[in-house]
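Hi,

Here is the structure I promised to pass on to you.

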Amino acid sequence: MEDGFRMILEGMGEDPNREGLIDTPKRVAKMYAELMTSLSGETRAEDILKTRFHEKYDEMIIVPDIQFASMCEHHFLPFTGKAHVAYIPGDCVVGLSKIPRVVEYYARLPQIQERMTRQIAELIQKVLQPKGVAVVLEASHMCMTMRGVKKPGAMMVTTQLLGRFKTDEKTRAEFMSRIYAPR
Ligand SMILES: [Zn+2]
């Protein structure tokens, strides 16, 4: 990565040996290792949800406003925003901190927002086997705000609904009204 970034600097017309840039390739390599931890394979996504509690609770559980930062794989610029996740338990629930960890896991990969939305929903569906899962991601993409159409603050909203959230309009409406309600 260090050699690669030095070449990128040269390609830009920069001098990678000038004082301010001399250690930049090393810093950038270290930073990408941190930002892309899920590529290392050290954690399996399934393992994040392995501690489950058997509970009779059949109403919607909503974890709103999970802040995340990920990297657009098309331009390698960040996209940042909030995830809202809900599920209706089957026979088990997970601790509150686990859902943000799932979001974080999928953020730490070269990503596109649509795929990240789907991956979060599919993992929860696969591991917890709930009656339904809903995931909404709202994010601002640096590749839109810094270049191209240059619309600062432009948001993209993506949604993945599974199970009851997909088939039952009332469930879906309850979820949407609660994530967008003033809190
Ligand atoms: Zn992009």
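Let me begin with the charges: the mean positions of the 26 positive and 24 negative charges of the chain are 4 Å apart. Lys and Arg count as positive and Asp and Glu as negative, with His and the chain ends not counted, and each charge is placed at NZ of Lys, CZ of Arg, CG of Asp or CD of Glu.

Some ground rules before the rest. This is a predicted model, in which local features need pLDDT of at least 70 and side-chain atom pairs count only at pLDDT 80 or more, while totals for chains, interfaces and linings use all residues. Residues are numbered from 1 along each chain as its sequence is written, and side-chain values use heavy atoms, with hydrogens and water left out.

On the overall picture, the chain has eight helices and seven strands; these are DSSP runs numbered from the N terminus (helices: H or I, at least four residues; strands: E, at least two). Its C-alpha trace spans about 65 × 35 × 25 Å along the principal axes. Of the 183 residues in the chain, 40% are buried (under 20% relative accessible area; exposed is over 50% and partly exposed in between, with a 1.4 Å probe and protein chains only). Taking contacts (heavy atoms within 4.5 Å) between residues at least 6 apart in sequence, 67% join residues at least 24 apart.

Now the aromatic rings. The structure holds four aromatic pairs, where rings of Phe, Tyr and Trp (its six-membered ring) pair if their centres lie within 6.5 Å, and planes under 30 degrees apart count as stacked, over 60 as edge-to-face and the rest as tilted. One of them joins tyrosine 32 and phenylalanine 76: the centres are 5.7 Å apart and the planes at 75°, so this pair is edge-to-face. Tyrosine 32 belongs to helix α2 (residues 24-35) and phenylalanine 76 to the loop between β2 (61-72) and β3 (78-88), so the pair ties together parts 44 residues apart in sequence. Phenylalanine 76 is partly exposed, at 36% relative accessibility. Another edge-to-face pair is made by tyrosine 105 and tyrosine 106, with 5.0 Å centre to centre and 90° between the planes. Both tyrosine 105 and tyrosine 106 are buried.

Next, the salt bridges (a side-chain nitrogen of Lys or Arg within 4 Å of a carboxyl oxygen of Asp or Glu). The count comes to 10. Among them:

- Lysine 126 pairs with glutamate 46, their closest N and O atoms being 2.7 Å apart. This pair links distant parts of the chain, since lysine 126 sits in helix α5 (residues 113-128) and glutamate 46 in helix α3 (residues 45-48), 80 residues apart. Lysine 126 is exposed at 55% relative accessible area, whereas glutamate 46 is partly exposed at 24%.
- Glutamate 73 pairs with arginine 115, again with the closest N and O atoms 2.7 Å apart. Glutamate 73 is in the loop between β2 and β3 and arginine 115 in helix α5, so parts 42 residues apart in sequence are tied together. Glutamate 73 is partly exposed at 29% relative accessibility, and arginine 115 is partly exposed at 24%.
- Arginine 44 and aspartate 47 meet through their side chains at 3.3 Å, N to O.
- Glu2, Asp3 and Arg6 are linked in a network of salt bridges.

Best wishes
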